[in-house]
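The following note concerns the model shown below. The points are set out in order for the file.

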Amino acid sequence: PTTGGGGGGGDAAFAVGPRDTWTSAAFFGQTSVGGSGGAAGDDGSDTGSNAGMSSSAATPLSAQALERLRAQLRQLEGENRSLSAQLHSLGKNRDAMAEELVAMTVKGDELVAQVAALAPLREQVAALQARLDAVLQMYGEKAEEAAELQLDLADVKGLYKAQILDLMAELEAARAGGLA
């Protein structure tokens, strides 16, 4: 049960004894007993309406409750360390990602510059390819013409040889007829 009127202000209540209720405000140094609004003096005595309480009632928590709060505090401190380590790790990851982003941005800029430099080279390659195509076409025409000329030459050689053979036969016949 509690002593005094309400007015705990939504604070969690800690039962200390069979008749006293202490709020969390009392635990954290604001010594409000039973919601009566009393304040603690510098000497630890209660200057409010509950000034007649014994000195054993000035201890806001039992040893068991205090140990439970210490365990909670250790747990919260552990969680705080864990979250701090996680925050530190995430900060390192963020920094590493930022450095990687900067490196990738620089590399991307270099690639964009290289692509921009490729445009004139592509134009040069296209012009050279057009010239090569024209030269290859002319070479093909000349090779075809040379092949035709070689065939014509072979035909002319054959005709010339046949004519020389006919002339030699006539000459032999004229020599044989003139000697006879």
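1. Leu 121 belongs to helix H2, which covers residues 63-179; helices (H or I, at least four residues) and strands (E, at least two) are DSSP runs numbered from the N terminus. With a relative accessibility of 44%, Leu 121 is classed as partly exposed, since buried means under 20% relative accessible area, exposed over 50%, and partly exposed in between (1.4 Å probe, protein chains only).

2. The model is predicted: local features need pLDDT of at least 70 and side-chain atom pairs count only at 80 or more, whereas totals for chains, interfaces and linings use all residues. Residues are numbered from 1 along each chain as its sequence is written, and side-chain values use heavy atoms, without hydrogens and water.

3. Mean pLDDT (the predictor's confidence in each residue, from 0 to 100) is 77 for the protein chain, with 66% of residues at 70 or more. Confidence is highest in H2, at 94, and lowest in strand S1 (residues 13-15), at a mean of 44. Over residues 1-55, pLDDT stays under 50; the model has 74 contacts (heavy atoms within 4.5 Å) beyond four places in sequence for this stretch.

4. The protein chain has 2 helices and 2 strands, in the order β-β-α-α from the N terminus.

5. Of the 180 residues of the protein chain, 10% count as buried. Among contacts between residues at least 6 apart in sequence, 29% join residues at least 24 apart.
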